[in-house]
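Here are some friendly notes to read with the model open beside you. Take the points in order, and find each residue on screen as you go.

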Amino acid sequence: MEEKTLVQVKDLKKYFKTSKGMLHAVDGVSFSIPKGRTLGVVGESGCGKSTLGKVLLHLHESTAGQIFFDGADITHFNERRLRDYRKRMQMIFQDPQASLDPRKNVSSLIGEPLKNYKLTQSRAEYEERVDEIMRTVGLASIYKESYSHELDGGRRQRIGIGRALAVDPEFIVCDEPVSALDVSIQAQILNLLMDLQDSRGLTYIFITHDLSVVKHISHNIIVMYLGQCVEYADAQTLFKRPLHPYTNGLLDAVPIPSLRQRRLSTQVMRGELTSPIEPKPGCRFASRCPHATGECRGQDIPLKEVEPGHWVACRLACP
């Protein structure tokens with residue numbers, strides 16, 4: 001049975017005007033996400049992955065390209081037309097403390113979307129719904145009157161997840177939701193997100209720079225470098241047979257937790273990043289790539305399917 005596509009992006013671009021020219025934060029990214037699946041987005045800081053997530057939810061307006069949600073082209077929807085779609089698309093932010101109003105207690109923070117969308121008919125129904133959400137995300141009722149600054153990072157992130165769940169969304173952008181947490185708490189939050197996906201059929205974009213995390217939660221993964229997608233495959237294929245030199249560099253940088261594995265990889269990415277402001281045609285990784293040749297410069301290298309479901313933008317992998 002063919003999977004239904006919930007989110008589709010075609011040649012999406014987001015440029016920011018700077019004093020030195022246009023900064024290409026997202027530059028021609030395309031993908032689709034089947035309903036109930038997770039697309040991991042991985043790359044170094046500054047590659048455009050968080051901007052991509054915000055453009056999808058219209059927190060930033062796109063420069064060019066198309067965004068489809070459940071078959072509808074929502075690229076140029078105004079605020080009034082977006083309002084109903086915003087209930088179906090939510091976001092979990094990287095820093096829960098910065099995204100939570102310190103003047104409101106846990107009950108008010110989780111219940112705010114219920115009030116905004118008038119999803120409850122009485123005070124009793126409102127309180128019952130808040131209690132249900134708190135149980136769902138693993139927040140004990142004793143924290144109902146607490147404020148976010150009184151709680152640890154893991155509980156604050158559970159509040160953020162609860163706020164996203166309050167309107168019963170179908171699609172959630174998870175913008176590095178565990179990067180600021182301790183490792184043991186990261187595992188709890190990841191397991192919670194996976195359990196919610198199984199029970200509610202949620203669709204995720206999971207943005208992270210941590211490859212071990214993205215492997216754990218993602219079905220498919222795109223690797224971004226300076227605004228572009230340089231490799232796309234299912235999680236198992238990407239980790240078993242990475243083809244782009246940048247992907248290999250990221251994997252080589254992952255520490256191996258083994259006393260026997262004493263030798264670290266010598267394949268270190270060297271060189272400076274190319275400026276994302278008015279980038280020249282050609283592979284943007286060429287200045288750091290040990291395999292780069294003259295053919296890698298001068299004209300852009302398109303993303304090509306080298307084997308079923310495995311796409312890469314590299315002359316080495318696509319001669």
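Predicted model: local features only at pLDDT ≥ 70, side-chain atom pairs only at ≥ 80, totals over all residues.

**Notes on the model**

1. Let us begin at the end of a helix.

2. Now look at α5 itself. This helix has 15 residues, and from its first C-alpha to its last it reaches 21 Å, close to the 21 Å expected at 1.5 Å a residue. Which of its residues are buried? They are Tyr126, Arg129, Val130, Ile133, Met134 and Val137. Looking down the axis of α5, you will find these buried residues within an arc of 135°, so they line one face of the helix. The general idea is handy here: an α-helix has 3.6 residues a turn, so residues three or four places apart point the same way.

3. As a general rule, nonpolar side chains in soluble globular proteins tend to be buried together. In this model the largest nonpolar core has 33 residues, and Ile110, Ile159, Ile161, Ile172, Leu193 and Phe206 are those with the most contacts inside it. At least two residues of this core come from each of α4 (106-116), α5 (123-137), α6 (153-165), β7 (171-175), α7 (183-200), β8 (203-208) and α8 (211-217). There is also a second, separate core of 32 residues, with Leu12, Ala72, Leu82 and Ile222 among them.

4. Leaving aside residues up to four places away in sequence, what does isoleucine 172 touch? Its contacts are Gln90, Met91, Ile92, Ala164, Leu165, Leu202, Thr203, Tyr204 and Ile205.

5. Move along to the loop between β7 and α7, where you will find glutamate 176. Is glutamate 176 buried or exposed? Its relative accessible area is 7%, and the cut-off for buried is under 20%, so glutamate 176 counts as buried. Apart from residues up to four places away in sequence, glutamate 176 touches Lys49, Gln94, Ile207, Thr208 and His209.

6. Helix α10 is mostly covered, with 6 of its 8 residues buried. The buried residues are Pro245, Tyr246, Thr247, Gly249, Leu250 and Leu251. Their cover includes α8, β9, β10 and α9 (235-240).

7. How many cavities of 30 Å³ or more does the structure hold? The count is 1. About 30 Å³ of space lies in the largest cavity. Its lining is made by Glu44, Ser45, Gly46, Cys47, Met224, Tyr225, Leu226, Tyr246 and Leu273.

8. Leucine 226, one of those lining residues, has a phi near 45°, a positive value in a residue other than glycine. For background, most residues other than glycine have a negative phi. Leucine 226 sits in the loop between β9 (220-225) and β10 (228-234), and at 5% relative accessibility this leucine counts as buried.

9. Glutamate 278 also has a positive phi, of about 45°, although it is not a glycine. You will find glutamate 278 in the loop between α10 (245-252) and β11 (304-307). At 44% relative accessibility, glutamate 278 counts as partly exposed.

10. Finally, proline 302 lies in the loop between α10 and β11. With 48% relative accessibility, proline 302 counts as partly exposed. Proline 302 and valine 312 are 10 residues apart in sequence, and their C-alpha atoms are 8.1 Å apart in space. Not counting residues up to four places away in sequence, proline 302 touches Val312 and Ala313.

Technical notes. Residues numbered from 1 in each chain as written. Heavy atoms only, no water. Core = buried A, V, L, I, M, F, W, Y, C linked by side-chain atoms within 4.5 Å. Buried < 20%, exposed > 50% of the residue type's maximum accessible area, 1.4 Å probe, protein only. Helix = DSSP H or I, 4+ residues; strand = E, 2+ residues; numbered from the N terminus. Contact = heavy atoms within 4.5 Å. Expected span 1.5 Å × (residues − 1). Arc of directions from axis to C-beta. 1 Å grid on protein atoms, 1.4 Å probe; cavity = no way out; pocket = protein on both sides within 12 Å on 5 of 7 lines; lining within 4 Å. Points joined across faces, edges and corners; volume = space filled by probe spheres on them.
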